[in-house]
Amino acid sequence: MTVVKVVGDSDQRSCTLSKSVKGLMASEFARGCCRIGKTMKGCGDGCGGHDHGDHGHDHSHSHDHDHDEKINFFEYKGSEDSGDLEEGYGYSHHLALGISGMHCSSCAVDIEKIIKKINGVDPLSVRVNFVMNRGECKFDPEIIEDPNQRIRQKILSRFNRLDIVILSNTKVDENEMEGNMKFRFQSSAQNAAQVREIAEKISGVVRVSEIGDSEIELLHDPDRIGIRNILAILEQRFPNSNIQLSNIPDGAVLAQASEKKYLRNIKWETIFCWVFTIPVMVTAFGQHSVKMSDLARYSMECACATMVLLIARKIYIDAFRSLRAFQIDMDVLVSISTGVAYIYSVAVFAAYTRGTSWGTANDREPFFETSTMLTSLILSGRWMTAFVRAWANSKIQSIGDSELQASEVRLWDPQSNTEIKMDAQLLHYGDIILASPGEKIATDGLVLSGRGQMDESHLTGEPKPQTKEEGGFVLAGSKIISGDVRYRVSKLLQENTISNIKNMVNLASQQKPRAQVIADKIAAVLTPVILGIALAIFLGWLLAGTLAQKHTWGDSLINAITYGVATLAISCPCAIGLAVPMVLVFASRSAINVGGFVFRNPAAIEKGLNVGKVCFDKTGTLTTGKLAVEFSWIKTDGVWRKDPQSSEVYSIIRMLCHTSSHPMGKAILLYAETLSVYQPNAEPEIITVVSQGMECTIDGSLYRGGRLSYTSPDATNDPEVVQILSSAQSVFTLSKDGQPIALFGLKDDTIRPEVPAILNNLRARGIQLYIFSGDRTEAVLPVAQQLGIPTENVFGNCCPEDKRGRLENLKEKESTAAKTLWGNIASFFRKPQRKSIVFVGDGSNDAVALMAADIGVSLSHSTDMASNSADVAIISDSIVALISFLDLAKRVVWCIRMNFVWAIVWNLIAILGTSGAWKNVRIPPQYAGLGEIGSVLPVFIISLAVGLGYKGAAMDKKVARAKVGKAQ
């Protein structure tokens, strides 16, 4: 069993990791890392002087599903300032909702307020996304026993028009943090209870739940027992139960189905409204051509207007509920504008039928066309907005589409030397899969034999086929163009690259960047401000018409109503609400399909516009991460001897390192395998101390491998030991009970071919470059000199806390004074006071630095802990995607700014045009319903332009190759 301790320096003080790392539910992205064997899920072994994780490690070691002992992936040492995972007031459940029917961003803001006020909900966790039609929160199950009644119904009591489905209701517990997985199966209804009882007793099964009468959901630890083994046990105990695997409902699919239903409903509402609006338009605007009496015309118009009002009744119902809740939203504005026009017209028509009048002849003319056209145009705008959101949502949801993954695989059985066709959901870690031209790679894995060309453009944005051979990694969804390969499964379907990218995109969609917070605040105050403006315009024209223009009160009232109604109807905060999320939707797709990266935190995009410093880890980031043993010294009979044969030492090394995925651990293991036979009588517990090394107890003696300061603190000043290790670039030491017994020097790896061109690109942008490495300074300086990075910007021997501290020192001071709403808006358009700092790393003990930096960037082969701590995850093979990210960040911020400008300018022009501020130009009230179309459509076009002409990694790689070729 392997236990991982996360510590910071030589005296093993705890690194203060944030709860966002400690509390991660599952791996989100770490291509190449896996959980085969009894290793930490994040592959975060800490060996020697390196601070990186998995770099091309193989998984040929055996995978044991039969051990009964619970695997503890993390063992955190006590620390005074380390937070308690359990603090959080019992918010142990996570609820995700699909919410269809929101008209604008103010609806999302109102729903957030409703959820936050519910007792038992964590207000800090509440997120509602208008574009993605999704909401989420954490809650205390002891207070909220039924979220359907307490949360879903609470929202529906305020917004009856919404269609809300519960996408997931999961327990955020320690089991799921360790990467356990769910699956469902069907059983005969009469045996369901018995099947559940037996399933709960199977070793490796964590939790069993009944879903309906015959369906069972099971949470299991795939490191301990595979899905096929579980089903085999149940089928053996219940041969007549007809146990069959079933699919877990996809929340995104349910949400899309709900949104399609809403889109269909609003489409027919709009069509029927126009059916009754067109006759009113014909009689109102063509009254001289239509031969009808006034009574007949008014009667028909009144009937049609009433039908339009009934069809759009949800607007008025929601407006009433908003007012009852002391809130003013767009439904209130629309209801007032259309309702006033309708009621006034009905009153005039009633007076006409009685042969009376309110004043002059002009007062006797009702304007039913205003209310009907306003309502129809507003519904048309909402239909268009819903369609745009649904289209954008479908594009983002297509990332990680299940159709990209093969549903059936050819499993290779090495014992019988045959292949078996099997459902891909039944895969285990370590299974060997065959793949031929035309087939898709079912899940991530390591190529064991064969050679083939893979199309990975769906993930990396690289159009050129990638050649994969023995030792290389294949990605889920890749299509084989030519050749045959045999690969070993390293990731199951629920955690492979496609699934994790989809999870990260969903995670990003639920986070609000600063621009979105500003937009929500503007939208929240805009509706009451518009109502106040409309009221002022109404009173202004009423008084001006009566007192200044000497009109009758009746004429002035009609005139004032038309101006007030038009102002209410044409103003629209929807453009402001869509300004940010619509851009992020299209940017996410461009980032993955073209740029070769995915951003987990949208705030990183804003900060990427003004990067001033980029800090790199060395091994595996700037270099390839491949190490080799250069020399070895072993102490025999109290004397250090170079390159002796010692089967005892090398057997212990193999015992320590046989599950290691660290480059140094793998290099030492490979070296030891050629010099000894590994036949342990008993497998000891291996404790991995991140950034320090590993240890185990054998026959009562404590063996440690890794840094000298960790394995043998007293030997750090031993002249003989220091002399032996002085010539080594990287060091690995082995001690027994604190005394050194073996010293190894390793040759460092080579610089990535694209790195020089990337660094030149960064320098051309005025960005300063730094290296923070856990390697010895002697190993770091030659690489820095070769890359032209100043010596004063190079730091070696960095533990996680050292990296965090140096990043904090690099950060410039920024004003923390509180800002008003308008101050926040102005700051978004101004150049930031402080330039952002980027940290690029890939190892487990880079996690602290990745979180401490303004923008953390992890690489494709990063450990899970590093990937989960980063804001941006590179999914292509090259760090060229860093340049792609910076380019896309610039595009995103400018598109958001353009959307803001348009939304503000449109509302300003619209209000001026309807209020009569311009002498010769006026927008009639019946056309004011075009406001939403006029505001939303340009925002959609601007957002779509974020990826227009963006070449991303494909363009940057050509530049990098050209510069490298020229340099050579």
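Leaving aside its neighbours within four places in sequence, which residues is Val614 in contact with? They are Leu762, Ile767, Gln768, Leu769, Tyr770, Val838, Val840 and Leu882, where contact means heavy atoms within 4.5 Å. This is a predicted model, so local features need pLDDT of at least 70 and side-chain atom pairs count only at pLDDT 80 or more, while totals for chains, interfaces and linings use all residues. Residues are numbered from 1 along each chain as its sequence is written, and side-chain values use heavy atoms, with hydrogens and water left out.

**The chain as a whole**
- You'll find 31 helices and 30 strands in the protein chain; these are DSSP runs numbered from the N terminus (helices are H or I, at least four residues; strands are E, at least two).
- Of the 968 residues, 59% are buried, meaning under 20% relative accessible area with a 1.4 Å probe, protein chains only.
- Take the contacts between residues at least 6 apart in sequence: 76% of them join residues at least 24 apart.

**Nonpolar cores**
- A nonpolar core is a set of buried Ala, Val, Leu, Ile, Met, Phe, Trp, Tyr and Cys residues joined through side-chain atoms within 4.5 Å.
- The largest one has 110 residues, and Phe597, Val614 and Leu762 touch the most other members.
- Apart from it lies another core of 39 residues, including Ile225, Leu426, Leu427 and Ile433.

- Seven strands make an open sheet with mixed pairing, in the order 17-30-29-28-18-26-27; two strands pair if DSSP finds at least two bridges between them.
- At the edges sit strand 17 (597-599) and strand 27 (794-795), each pairing on one side only.
- Strand 18 (residues 611-616) and strand 28 (residues 836-841) run parallel and are joined by five bridges.
- Phe616 has Val840, in strand 28, as its bridge partner.

**Helix 14**
- Helix 14 covers residues 514-548, and its 35 residues should span 51 Å; the end C-alpha atoms are 48 Å apart, which agrees. The expected span is 1.5 Å times one less than the number of residues.
- There's a bend of about 30° at Leu526, with a proline, Pro528, following within four residues. That bend is the angle between axes fitted to the seven residues ending there and the seven starting there.
- After the helix comes Lys550, with a positive phi near 60°.

**Around Asp854**
- Asp854 lies in the loop between helix 27 (847-852) and strand 29 (855-858).
- Asp854 has a relative accessible area of 9%, so it counts as buried.
- The C-alpha atoms of Asp854 and Asp871 are separated by 8.8 Å, and the two are 17 residues apart along the chain.

Technical notes
Buried means under 20% relative accessible area, exposed over 50%, partly exposed in between (1.4 Å probe, protein chains only).
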